[in-house]
Amino acid sequence: MPSHSLLRALARAFLAGEQSVEQVVVRSSQTLGNHWQRLRPLARRYVKAFARRTRPRHRDVVQFLLQDRGFLEISSRYFRELPVAHWLTEPQKMQPVEAASTWDIPAIESVGSLADWLRIPFGDLQWFADLKGLGYKTSSQQLRHYHYRILTKQSGSIRLIEAPKPRLKEIQRQILVQILDKVPPHPAAHGFLKGRSIKTYIAPHVGQRVLLRMDLRDFFPSFAAARIQAFFRTLGYPEAVADLLGGACTNAVPRDVWSRAAFGEDPLHLWERRGEAWASYSRPHLPQGAPTSPALANLCTYRADCRLTGLARSMGAEYTRYADDLAFSGSEAFEARVERFSTHVAAILFEEGFAVNHRKTRIMRQGVRQHLAGLVANQRMNVMRTDFDRLKAMLNNCVRLGPESQNREGHPHFRSHLEGRVGFVEMINPAKAERLRTKFEQIRW
């Protein structure tokens, strides 16, 4: 067998992301024959270096081998004629992790195949993925792929809506429907998923002794482009394909966006908050407003959901998540340790790359109103009384004075907006919503 075949086989095992010595050896032994024993010490060091990480990049494997003393000794004796970067350069193919091998996702093994799959020229694909950050540097609005809108939350913090332009949005929708929707999310995730809703998010916590609510700060911006590209590599896509897929789903906000006063924001307030927001949005991240972002956020939070579910079960508690809102609940045993439990949750989230908004952390016992996502969860799930009374009064005024008198926010489709609010109450409490539906049907449009 040629001397470099040993390292070619080893490289295939490494780049496939195998994470145990036996997996590396087994994957390579089919081509190595009696030479497999040479792999074990090097494979053991590789597993120690890359344990619990996604499939490594090509450059990471090269760097590992070039810094490994044992490999350098072997290579100086047997592999002088073949540089590492050369024998690692082979035609790439789909190499999914074990769980992903059963998912019905399209096999795309080259950047040319990716462009064909998206039905666009390869040059356009490079432009939309923007791996060199040219859109971040240009001042031309026509050359940018996103429209921007700044919103101020009630807390005073800033939320930036990044809406993709039509051509990029079409690409993202194809990635969403044909790839991301085929990957099963964690059972604890309830936001932006078919068959799950705010109702399924709250249901496990109704009538519990104590309810712990926690909130993640800057949820979408916390997912860096490198994390999204690693996810696509986990699905099995070659590195070059994964980088382009990740690039098409992420964005870096140009600096001049924060200097505009055209958003209706007070320039002084925008300037004060700009520095805080800039750190999150200036690097490539999941844009809030792209169709792929909710699904990618859920899927990339899978490991955190696994860890938090395990932690909750160890305390006899329930755990669910709706986007950046986390909820835990339990009985008397959980109530006695809930403060310490919240500290453990924050530590896990920090390790997973998230930051907790501690000002929004709430521990709610049965003696107070337990509320999640604007709904009450004490004895039964219900809408808040103030929200119900406000909607009922609006419907009464629409009947008496006409719907135009109540459209103070200028909704272009006020009837659909109002019917949606009534439908939401019907989903939560059908009996209570009957009066609202009766009033709605009396409105003269």
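Residues are numbered from 1 along each chain as its sequence is written. Because the model is predicted, local features need pLDDT of at least 70 and side-chain atom pairs count only at pLDDT 80 or more, while totals for chains, interfaces and linings use all residues; side-chain values use heavy atoms, with hydrogens and water left out.

**Confidence**

The average pLDDT (the predictor's confidence in each residue, from 0 to 100) of the protein is 85, and 81% of the residues score at least 70. Confidence is highest in β4, at 98, and lowest in helix α6 (residues 84-87), at a mean of 50. Where pLDDT is low, the predicted coordinates should not be read in detail. Helices (H or I, at least four residues) and strands (E, at least two) are DSSP runs, numbered from the N terminus.

**The four-stranded sheet**

Four strands form an open sheet in the order β4-β5-β3-β6, with antiparallel pairing; two strands pair if DSSP finds at least two bridges between them. At the edges stand β4 (318-322) and β6 (362-365); each has a single partner strand, so one side of each lacks a neighbour in the sheet. On average, neighbouring strands of this sheet are turned by 15° against each other, direction ignored. Five bridges link β4 and strand β5 (residues 325-330) in the antiparallel sense, and Y319 stands opposite F328 in β5.

Helix α16 (residues 302-314) packs on the sheet and touches β4 and β5 (contact means heavy atoms within 4.5 Å); its direction makes about 150° with that of β4. Helix α18 (residues 338-351) lies across β3, β5 and β6, and runs at about 25° to β3. For these angles, axes are lines fitted to C-alpha atoms, for helices over the stretch in contact, and values run from 0 to 180 degrees between N-to-C directions.

**The three-stranded sheet**

A further open sheet has the order β7-β8-β9, with antiparallel pairing. Its edges are β7 (371-372) and β9 (382-383), each with a single partner strand, so one side of each is left without a neighbour in the sheet. Strand β8 (residues 375-376) is joined to β9 by two bridges, and V376 stands opposite N382 in β9.

Most residues other than glycine have a negative phi.
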